[in-house]
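Hi everyone, thanks for coming.

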Amino acid sequence: MHGHPRALLPIYLLACLSVDTVYGQTTINAQREALVLEARHGAPGPSIDGLQSLYYRTQNSRVREDLIALLVRATRYEDALAVCSACQPQDYSDSELANLGGAARSAGDYPKALSLFQSLTYRSPTYAEGWLGQALVHTDMANYTLADIALQQYSQVAGTTTAGLEAKGYLAAKTMNAVQELQVRQALVEQDPANTSELQALYRLAVGLGASSAARNIMQDNPTVFSESDRLWLIYYEAVTDIRLGIHTDQPPRTRSGLAQLNQVLDSPAVPQELVKLAEYDKVVALAQLRHFSEAEVLAVRLQHQHGPLPSYVSRARAYALNGLGRPDEAIALYEGLIQQTPQRGSDPDDPLNEGLFYSYTDAQRFRDADRLLASWRASEPEQRWDFTQTTRINNPNYQKVLLLDVLLTAWRGQAGLASERLANYQDQAPGDPYLWQVKGDIERDRGWQRKAEVSYLRATELLSPDQQDAARHGMLLANLERGQWKGTTTAAAQEIAEAKPSATRDELVRTLRELRAPQLTNSVTRSEGQGSGTQASREWRYDVLLEGPRNTSGSRAFAQRIGQYGKFDDTNLYAAYDIAGYEWNLHPATIKFAAGHGAQLNNNFMASVELRYAASDHLTTTLGIELNTPDTPLRALRDGINADRYRGEIAYRHDERGAGAIGLMVTDFEDNNLRQSVYGYWNQTLYHLDRWQINGEVYTTTSRNDEVEASYFNPRRDANLGGVLSLNYELPLDYRQSFIQTLSLGSGRYWQEDNGSENTWSLGYEHQWQLAPTFNIEYGIFRERSVYDGTPEYDNRIEASFIWRFL
């Protein structure tokens, strides 16, 4: 009876233990669930503390799982990873591995995160979150190929999901695959049209891709999602797109449209401050490109004061504007700074900064710097380069550009003949290149060969497409104006100015036409001593004031003139003056100038003159003139009551910019029956010209024959004068189109007079010339001369001064 209960004791004890275990497990689960429920009701802190105490006491895996989940949800990633520092991946459940992998990724521990996600997919290949986690971590680590493979695995397991699309969009954004990102964002919006964050992301992406119409449609279809600020940002991006395309495709109307949109943004009261800054930066670019240089510079200066150093693209636009304003030294500093920051931009194939720097150097007359720049640039440019496919060799446009710029620089430095020779060699290799013909026209125009330039410009227009002909047409119009072909040209120029695209040649056309048409005042004064062949009386003064009216559309103009003379002879003061009005009638290639007036004081008589000038070619010009009661009548003749008429003819030849001369015949008929016949000739030649230095030479000869009459004025029976002058010029640039020129001249000659033999003559002079173009030029000089009067050498001090003032 007593043995039976003892036999059942082990079974009883086992049953008691089982009951206790079940009861304990039930109690843990109840506590765990209560704490999780508490967290769901908004008290995660106490719930986490409770779960931590419960886990440390029980080491229960389900408690650990909930604890890790709550810590991750509370963004306490480091705490989540430290819950079980001794645990291995195999100790965790699938959900724990997923949560811990996400925690490690959020904490920036990508290797640990990747290890946890890989453990998860190795153990459970169908657990989609493992593949998704791997894709995200691989993207973070820039392992884009592995990320793409993981995404493909995820799609096979989970299909198309929002999380998968977001991961694919994240990868596309990291790899800057904007098209793929756009597709992903569109798919996300299609899945959930109410997802405002994705709608805004899709809008921003469309704007960034330049798909402004798509962005506008998104905004219009979802008006409540976007604010007025978003609308202004869209207008801004559309404006920037128009400006950039207008610049790169040379379409100023598009750039103007972009500028108008920027102004619309800036005028809005709702514009955010950060958008104001960006819009004004781009406004500087648009204004400079449209050649509104003054506005661009004013805005750039204000922005620099407000925000500090300008972005590089704005600094470049400002440099362009400064050069257009005639401030090349300031432009040079900006260009040099930009190239120093990013050297490769100096020789950028599409838009090299070196080109802007070159033109700034030349405008500042820093020719040696320009030459060094071209030499350095050319050394870095091969004659050919790979095309964008990297399979075909093509001519390098930068190399061709450097060659042309070098030709222009050679001409601008004073060696136009050498520049023409180099250009001819290039044309032999590429006779159909329109830009070579255009440069040829520019150089010929600078050399004074306007008719030849017109032929070259015409050839360029024949080879250029219609939208690229502006510069050649403008060059042709400029050549016409400069040679006097005004009829029809001014109408065509006005049309070009109104309709042509903004360009440097259009600006040059505007400036040249304005300066050529402008009225101007010219005044010259001469003071000399002595009685030699070059003077009329001792201590002589002569002044000439000429006021020319504006030219009309035919190039004709009226003028008024005052000529005054004073001299002293035999202790008697001699005065004469002339008031003249006239008209210059342009009948190109002929020009007729006729004038009439009246003398005063010693010459109180009517006077008139007619001059016919005919330009037969770029090289040859003939002139015929008649002066009744000529103002060049000697004062001593006027004192004796003797007036004179003059008849003259001249043939002038201009070889090029370096050499020109003329021969002429003058007959002066004095009322005392003296007929003076004079023949003269001269030739001016530039012997050396490089940059600021120039050496010029002149040879001249005159001879005259007079009747044998008693006269108080200088009247040799026969005489002849042969001489030459060598002058050295040095030009000091002051500013754009402004310079100071010093000239030192030395002359020598031989004068012969019948009955008095021959004597040596010489002259020494020093002159200053201030070219304050385009408004005002002034020059003055002092000369010491040895001349001969009736066989007696005389020493003459002569002072000359003159100015030209244009009324622009």
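This is a predicted model: local features need pLDDT of at least 70, side-chain atom pairs count only at pLDDT 80 or more; totals for chains, interfaces and linings use all residues.

Let's start with H5 and H6, where H5 passes H6 in a left-handed crossing. Left-handed here says that the near helix is turned anticlockwise from the far one by less than a right angle, while clockwise would be right-handed.

Residues are numbered from 1 along each chain as its sequence is written, and side-chain values use heavy atoms, with hydrogens and water left out.

Back to our pair. Two packed helices are described by the angle between their axes and the distance between the axes. Helix H5 covers residues 94-106 and helix H6 covers residues 110-123, and they pack at an angle of about 160° with axes 7 Å apart. The axes are lines fitted to C-alpha atoms, for helices over the stretch in contact, and the angles run from 0 to 180 degrees between N-to-C directions. That angle makes H5 roughly antiparallel to H6. The cut-offs are these: under 35 degrees is roughly parallel, over 145 roughly antiparallel, 65 to 115 roughly perpendicular, and the rest oblique.

Who is doing the touching? On the H5 side, the contact includes Leu97, Ala98 and Leu100, and on the H6 side it includes Ala113, Leu116 and Phe117. Contact here is heavy atoms within 4.5 Å. By class, the residues of this H5 and H6 contact are nine nonpolar, three polar and four charged. Nonpolar covers Ala, Val, Leu, Ile, Met, Phe, Trp, Tyr, Cys and Pro; charged covers Asp, Glu, Lys and Arg; the others, Gly among them, are polar.

Next pair, please! Helix H13 (residues 228-248) packs with H14 at an angle of about 155°, with the axes 7 Å apart. That makes H13 roughly antiparallel to H14. The crossing of H13 and H14 is left-handed. Among the residues making the contact are Ile235, Glu238, Ala239 and Asp242 of H13 and Gln261 of H14. This contact of H13 with H14 has ten nonpolar, six polar and four charged residues.

Now zoom in on Gln261, which sits in helix H14 (residues 252-267). Is Gln261 buried or exposed? Its relative accessibility is 16%, so Gln261 counts as buried. The rule is under 20% relative accessible area for buried, over 50% for exposed, and partly exposed in between, with a 1.4 Å probe and protein chains only. If we skip residues up to four places away in sequence, Gln261 touches Ile235, Glu238, Ala239 and Asp242.

Here's another one to click on. Glu454 sits in helix H24 (residues 450-463), and Glu454 is buried at a relative accessible area of 15%. Leaving aside neighbours within four places in sequence, Glu454 is in contact with Met476, Ala479, Asn480 and Arg483.

That brings us to helix H25, residues 470-483. The buried residues of H25 include Ala479 and Asn480, and the buried residues of H25 pack against helix H23 (434-446), H24, helix H26 (489-499) and H27. Just after H25, Gly484 takes a positive phi of about 100°.

Most residues other than glycine have a negative phi, and most peptide bonds are trans.

Asn673 has a positive phi of about 70° although it is not a glycine. Asn673 lies in the loop between strand S11 (659-670) and strand S12 (675-690), and Asn673 is exposed, with a relative accessible area of 63%.

Asp790, also not a glycine, has a positive phi of about 50°. Asp790 lies in the loop between strand S17 (776-789) and strand S18 (792-806), and at 37% relative accessibility Asp790 counts as partly exposed.

And which way does the peptide bond from His588 to Pro589 go, cis or trans? That bond is cis, with omega near 10°. You'll find Pro589 in the loop between strand S6 (572-587) and strand S7 (590-601).

How values were computed
Helices (H or I, at least four residues) and strands (E, at least two) are DSSP runs, numbered from the N terminus. The expected span of a helix is 1.5 Å times one less than its number of residues.
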